[in-house]
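Welcome! Here are some exercises on reading a protein model, each with a solution worked step by step. Keep the structure open beside you as you go.

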Amino acid sequence: MAAIIGRTSRQALLKAKSSSLASQANFVSFKGKNAKKWVLAVLGSATVGTAGVATALASPVLAEGLELHPPKFPWSHNGMFDALDAASVRRGYQVYKQVCAACHSMEYLCYRNLVGVIMDEDEAKREAEEIMVDDGPDEEGNMFKRPGKLSDRFPAPYANAEAARAANNGALPPDLSYIVNARHGGEDYVFALLLGYCDPPAGITLREGLYYNPYFPGGAIGMAQALYNEIIEYEDGTPATASQCAKDVCTFLRWAAEPEHDTRKQMGLKALMIFGAMLAVSYYIKRHKWTVLKSRKIAFKN
Ligand code: HEC
C-alpha cells in the first residue's frame, strides 16, 4: 500500500517538475498549476485511504465480546507531569508481601531495587534478612541456608510451576514482575480484577475451584478474591480498605514493571523543552538563510 502511494506520488511529483520546467521559459505556469492540483488530489485521497485502512486494521476483531473492559481510573501517575506516588508504592509493597506473595512470585525484583524508592538501605537489608536463601556449596560441598542479602531476588512461593499448579487447582499464578505491562488495560485491569468478584449470573455454573470475575477473559478465574477490608494493617496508618489495598498494590506493580517511570517522564519533559527551543531557533535560522533565495528574481533574456 505504502509502496503504491509512494510510487504514484513520486511519479506525480516528477511530472509536476518537468511540466513546470517546460513552462518556466515564458513565466507562465498554467500547466504547472494543473499538475500541482493533481498531485494534491492524489496525495489527499491517498492520505484518506491510508487513514481508512489504518483505522480498519487497528480496531480489534474480538472472538467473544462478553468480558467486561475495565474503566480508565484516575491514577495519580497518569499525567505527563506526574510521578508515581512513593507512599502508595511503599504500601503496595506491603500488600504484595503480606497477601499476593503467598501465591505469586516476582522473580525479576531484588531487594536492592527497594533502596531509594520504597525504603532506605538499612531497612532494605533488614527486609532481605527476613528470608532464608539457599547458598553454597561450602568447603565440604554442602548447600546451606543463609539470611538474604540486598542482591537476592524476592523469594518464590513455590519451587516450580508444577507445584504452583498443584496448589491452585491447576491454575498457574503468573509472575507479577511485569504483569501490568503483560495485560491489556495495565493497572486499570488489575485493579478492576482484584475488586470485581461477584456471583456468577444466572445460567453459568462454575467448576469446583473457579471463581466468577467479569473482568477476567472467560469469566471463570482460578484465583479467589484476595483483598477484603482490613485484611492487613498499614504501617503508616492509612485505613486498609479493599479498594485502598488494590490501588496501592497496582501502583506498586506499575513501579515494578516500569521502575524508570519517573525518570522517563522527567527526561521526556527536558527533551521536549530543549527540542522546542531548538525548533524555534532553527526556524528563525532557516528563514534567515533562505531570505536571499526566496526574494531573488530570475530573469531569462533571449
Ligand atoms: C491464593 C492464591 C493467590 C493469591 C493470594 C493471589 N493470587 Fe493472583 N492468581 C492466583 C491464581 C491461581 C491465578 C491464575 C488464575 C487463572 O489463570 O485462572 C492468579 C492470577 C492473577 C492475575 C492474572 C490474571 C490474568 O489476567 O491472567 C493477576 C493480575 C493477579 N493474580 C494478581 C494478584 C494480586 C495483585 C494479588 C494480591 C493482592 C493476588 N493476585 C493474590 C492465585 C492467587
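**Exercise 1. Work out whether N169 is buried, exposed or partly exposed, and describe its backbone.**

Step 1. N169 has 13 other C-beta atoms within 10 Å, so it is partly exposed. The cut-offs are these: a residue is buried if 20 or more other C-beta atoms lie within 10 Å of its own, exposed if 12 or fewer, and partly exposed in between, with C-beta atoms placed from the backbone.

Step 2. Before going on, note that this is a predicted model, in which local features need pLDDT of at least 70, side-chain atom pairs count only at pLDDT 80 or more, and totals for chains, interfaces and linings use all residues. Residues are numbered from 1 along each chain as its sequence is written.

Step 3. Find N169 in the loop between α5 (161-167) and α6. Helices (H or I, at least four residues) and strands (E, at least two) are DSSP runs, numbered from the N terminus.

Step 4. The phi of N169 is positive, about 55°, although N169 is not a glycine. Most residues other than glycine have a negative phi, and most peptide bonds are trans.

**Exercise 2. Describe the overall layout of the chain.**

Step 1. There are nine helices and four strands. Along the sequence they follow the pattern α-α-α-α-β-β-α-α-α-β-β-α-α.

Step 2. Of the 302 residues in the chain, 18% are buried.

Step 3. Look at contacts (two residues whose C-beta atoms, placed from the backbone, lie within 7 Å). Among contacts with a separation of 6 or more, 59% join residues 24 or more positions apart.

**Exercise 3. Which residues have the most contacts inside the largest nonpolar core?**

Step 1. A nonpolar core is a set of buried Ala, Val, Leu, Ile, Met, Phe, Trp, Tyr and Cys residues joined through C-beta atoms within 7 Å.

Step 2. The largest one has 37 residues, and V190, A246, V249, F252 and L253 have the most contacts inside it.

Step 3. At least two core residues come from each of α3 (86-98), α4 (121-129), α6 (179-182), α7 (186-195) and α8 (242-257). The largest share, eight residues, is supplied by α8.

**Exercise 4. How do α7 and α8 pack against each other?**

Step 1. Begin with α7, where seven of the 10 residues are buried. They are E187, D188, V190, F191, A192, L193 and L194, and their cover includes α6 and α8.

Step 2. The axes of α7 and α8 come within 9 Å and cross at roughly 150°. Axes are lines fitted to C-alpha atoms, for helices over the stretch in contact, and angles run from 0 to 180 degrees between N-to-C directions.

Step 3. This angle makes α7 roughly antiparallel to α8. Angles under 35 degrees count as roughly parallel, over 145 as roughly antiparallel, 65 to 115 as roughly perpendicular and the rest as oblique.

Step 4. By class, the contact of α7 with α8 has eight nonpolar, one polar and three charged residues. Here Ala, Val, Leu, Ile, Met, Phe, Trp, Tyr, Cys and Pro count as nonpolar, Asp, Glu, Lys and Arg as charged, and the others, Gly among them, as polar.

**Exercise 5. Now do the packing of α3 with α8.**

Step 1. The axes of α3 and α8 are 7 Å apart, at an angle of about 100°. That makes α3 roughly perpendicular to α8.

Step 2. In α3, S88, V89, R91, G92, Y93, V95 and Y96 meet C245, K247, D248, V249, T251, F252 and W255 of α8. These residues divide into eight nonpolar, three polar and three charged.

Step 3. Zoom in on F252: leaving aside neighbours within four places in sequence, F252 is in contact with V89, G92, Y93 and Y96.
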